[in-house]
Amino acid sequence: MLLSYLPVLIMIGAASFMAMMALFMSFLFNPRNHYREKLTPWECGMEPHGEANKGHFRIHFFIIAILFIVFDVETLFLFPWAVILSDKGLSVFLFAEVLVFIIILAIGLIYAWVKGALEWV
Amino acid sequence: MPDISLIVALALMVIKVFIVTTILFVLPLPLTYVERKVAGHIQVRLGPWRVGPHGLLQPFADMIKLILKEDIVPDKADKFLFKLAPLMAMLPAFVVYAAIPFGDKWTIPFIDREVTLYIADMNVGILYVLAISGLGIYGLIFGGWSSNSKYALIGGLRSSAQMISYEIAVSFSAIGVVLLSRSLSLLEIVKSQGGNLLHWNFFYLPVGPVWFAIFLIGSLAEINRVPFDLPEDEGTLGAGFHTEYSGMRFAFFMLAEYLALVTVSVMSVVLFFGGWNAPFNVPFVPPILWFLGKVILFIYFFMWVRFTLPRYRYDQLMTIGWKILIPVSLVNLIITGLMKI
């Protein structure tokens, strides 16, 4: 029923309202004393060097993200199966079917493992 | 003329939402105090002591201090995302509670009206909780990237890689719970664990404890707590993704973190330890007290872990997530399926 998702919207509204009130309180009372050094990124007291967010990061994070997409989508396929497994006449068939699916999933994991995608050196 | 009972139901819902949101908003105050007290006593110190009797006013002093702090937005930061990130981290932590069942039904004394102790009974509650708590990661990655600081960027990347790695194991343990309880609705999951202690999912031997272990380790990593608090590794990263934040925006990240701790405790209780069901048949104890008692035990457990264990290295963290938890959960899934045929 759609009505059961209405509280979500109300809750987002209520929480945002409280957050805004807290920010407003702090806006009223906090000091404002900016100068150039204070507004530079923190780098252990050194002059900051270069830009941090220009896309220089380890490619390995990207590989992890791709693996995550594969495995997480596959877990989603298992949720409906988990609900109906034990209350239908064909549960043996359902189980065998998902066993094949899990074996394919496991082969994918083993492939990534052997290829070294899970190593973090 | 709209139906009067519909209006009453809507009003009740709004009241419940506001009560829950307010409680969640002030909950970090006692939690910070308790956490520092627990830390103190575990390390044979006193913990907070100076402000008020037994340091009881310390959280209020902290709150006033955070409100009075200067709000710094670095020059080179992406201003919009920088300001959006704390809200993005904080809102999902609240919104998760729309689906949590705190109890079944309760009759208000004097006016004799029955209310349900949950905000919404979603038929896909467990998926909702997984999805929404996963959204919190946007706050972390936005905060880390938009600060334009190297420490913040590395902290944000680390936390996102860590969260998505352990998300898979947590999803698998959720599938395990769905197999045991045969429903996606959190309310039904709790009801299926009624009776006594032995009906709880944790005691479904031999797979229950394994699912719980996977869930516990995975969620400890997802909420970035010791021993998996790599994103906030003080020794190498400053403060991690919130290095550049100060004042109230910093407080929002902390709020999100404490609420995530409570969420994980609540979800452990709901999924594995029978929610509001009593372990034995004890008269005169209302179910909500059982629920709160179990949640408090879990919160204490997480604090205990925090001050007992050292931190893992990042490669160890990835090894545990991908090479141990995922294969174990695949095997456990097959065993649970076989037992449930």
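Colleague: Is the crossing of helix 1 of chain A and helix 4 of chain B left-handed or right-handed?
Modeller: The crossing is right-handed. A crossing gets that name if the near helix is turned clockwise from the far one by less than a right angle, and is left-handed if the turn is anticlockwise. Helices here are DSSP runs of H or I with at least four residues, strands are runs of E with at least two, and both are numbered from the N terminus. This is a predicted model in which local features need pLDDT of at least 70 and side-chain atom pairs count only at pLDDT 80 or more, while totals for chains, interfaces and linings use all residues. Residues are numbered from 1 along each chain as its sequence is written, chains are lettered from A and ligands numbered from 1 in the order in which they are written, and side-chain values use heavy atoms, without hydrogens and water.

Colleague: Why is helix 1 of chain A called oblique to helix 4 of chain B?
Modeller: The axes of helix 1 (residues 6-29) of chain A and helix 4 (residues 79-95) of chain B cross at roughly 135° and come within 9 Å. Axes are lines fitted to C-alpha atoms, for helices over the stretch in contact, and angles run from 0 to 180 degrees between N-to-C directions. Angles under 35 degrees count as roughly parallel, over 145 as roughly antiparallel, 65 to 115 as roughly perpendicular and the rest as oblique. The angle of roughly 135° therefore makes helix 1 of chain A oblique to helix 4 of chain B.

Colleague: What makes the contact of helix 1 of chain A with helix 4 of chain B, by class?
Modeller: Eleven nonpolar residues, one polar residue and no charged ones. Nonpolar covers Ala, Val, Leu, Ile, Met, Phe, Trp, Tyr, Cys and Pro; charged covers Asp, Glu, Lys and Arg; the others, Gly among them, are polar.

Colleague: Why is helix 2 of chain A called roughly parallel to helix 6 of chain B?
Modeller: Helix 2 of chain A and helix 6 (residues 150-181) of chain B pack at about 15°, their axes 9 Å apart. That angle makes the two helices roughly parallel. Helix 2 of chain A passes helix 6 of chain B in a left-handed crossing.

Colleague: What makes helix 8 of chain B roughly antiparallel to helix 10 of chain B?
Modeller: Their axes cross at roughly 165° and come within 11 Å. That angle makes helix 8 roughly antiparallel to helix 10 of chain B. The crossing is right-handed. Residues that meet include B:Trp211 and B:Phe215 in helix 8, and B:Met267 and B:Leu271 in helix 10, with contact meaning heavy atoms within 4.5 Å.

Colleague: How do you know that B:Glu70 forms a salt bridge with A:Lys38?
Modeller: Their closest N and O atoms are 2.7 Å apart. A salt bridge is a side-chain nitrogen of Lys or Arg within 4 Å of a carboxyl oxygen of Asp or Glu, so the pair qualifies. B:Glu70 lies in the loop between helix 3 (58-68) and helix 4 of chain B and A:Lys38 in the loop between helix 1 and helix 2 of chain A, so the pair joins two chains.

Colleague: What is the peptide bond from B:Leu205 to B:Pro206, cis or trans?
Modeller: That bond is cis, with omega near 0°.

Colleague: What is the mean pLDDT of chain B?
Modeller: The mean is 89, and 99% of the residues of chain B reach 70 or more. pLDDT is the predictor's confidence in each residue, from 0 to 100. Chain A averages 86.
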